[in-house]
Amino acid sequence: ITVSALRETAAGERRVAITPEVAKKLRGKGLRVLLEHGAGAAAGFPDTAYADVEFADAAHVLAQADLLACVLSPDDDALGRLREGAVVVGQLRPHGAAARIAALAQKKLIAFALELLPRTTRAQAMDVLSSQAAVAGYRAMLIAAENAPKFFPMLTTAAGTIRPSRVLVIGAGVAGLQAIATARRLGAQIEGYDVRPETREQVESLGAKFLDLGVSAAGSGGYARELNAEERAAQQQALAEHLKVFDVVVTTAAVPGRAAPKILTTAMVDGMKPGALIVDLAAESGGNCELTRPGERVEHGGVVILGPLNLAAGAPLHASEMYARNIYNFVELLIRDGALQPDFEDELVAKSCVTRNGEALLNA
Ligand code: NAD
């Protein structure tokens, strides 16, 4: 069985789906590992770091791969060069990507979108949403610290005392909690907010204060549900009042398969302190702030709104290490009796599969 990865081609993407450590583990399972020249270079893994791995150009890799692991989906041209029946595993961004899924199906590929894995205990070791969200949350807070006009920590100096920055994190999922932990390490005074009631304890366990706005919206599978109009109005009214005190707001709120909830309105931003900074980690799916422009810096009144994209690619070495381990754990599921034969009775396999037997599945 040949397991392969290409050099990722999305703009700014520096991660790689197979690291030297994981290549070694795959070899240990008796699999052949064939990578494109320079596949890991941008993540800090030159070809020479991979022991006992074959390298070739992309066309050769695609022609021979039985299983292609990717960080993001390769383009249609690359997918078209894979052999019929080949397996593709990665973050295929299945929501709202009907055309790409149809293309995968038409090429008779067996494709697994790891974003669709259920968030169960057994799936944790393959949970790319979690591993990459942790990187994104960390990076978002560093970007906030770098761009804020203030220090994060309190300083007592001969030139007077500097008060710590007040930081709010909206959305306390995996990314939000990592952002909170990072702000704590930098010495900010930090509060966290979420609509899932169980996040209170998680926020507090990081030494942050939980901001209670009295709106609760737990959905299914551990996710939040969308707020109705009344709840959204109540949330916005309560939040507008609190926002006035914060120097930095990092937003991470998401509802699976939907555009990011718009939580911060223009009027709310108008009420913020001059010099305040918003880092909108949800920019990729439309943003949590009405003023966010994905990938751009917006100035509104005295407030700066940043909408950074693909944050996990900004710490590519550790992001790749975690991602590749996720991939390895998933690939292990697909190999039975020494052959690549996914067990579609297994819910992790069944729920993440988006194309099979030439058909796009309802999971997508
Ligand atoms: P996510 O990226 O889907 O959303 C980020 C956060 O935004 C969530 O905490 C959500 O509650 C919050 N949110 C949504 N709408 C909001 C709104 N209008 N206002 C404020 N906050 C809002 O979430 P995630 O980080 O992927 O985590 C989702 C769930 O999965 C959590 O329950 C997490 O604990 C769970 N999880 C489970 C496992 C596992 O057991 N395998 C692994 C990771 C995460």
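A residue is called buried if 20 or more other C-beta atoms lie within 10 Å of its own, exposed if 12 or fewer do, and partly exposed in between, with C-beta atoms placed from the backbone. The structure is a predicted model, in which local features need pLDDT of at least 70 and side-chain atom pairs count only at pLDDT 80 or more, while totals for chains, interfaces and linings use all residues. Residues are numbered from 1 along each chain as its sequence is written.

Helices (H or I, at least four residues) and strands (E, at least two) are DSSP runs, numbered from the N terminus, and two strands pair if DSSP finds at least two bridges between them. Eight strands form an open sheet with mixed pairing, in the order β3-β2-β1-β4-β5-β6-β18-β19. Because β3 (54–56) and β19 (359–360) each have a single partner strand, one side of each is left without a neighbour in the sheet. Strand β2 (residues 32–36) runs parallel to β3, joined by 3 bridges, and L34 stands opposite E54 in β3.

Next comes helix α10. Its buried residues include P316, M322, Y323, F330 and V331. Among the elements that cover the buried residues of α10 are β1, α1 (20–28), β4 and β5, where contact means C-beta atoms, placed from the backbone, within 7 Å.

How values were computed: Contact = placed C-beta atoms within 7 Å.
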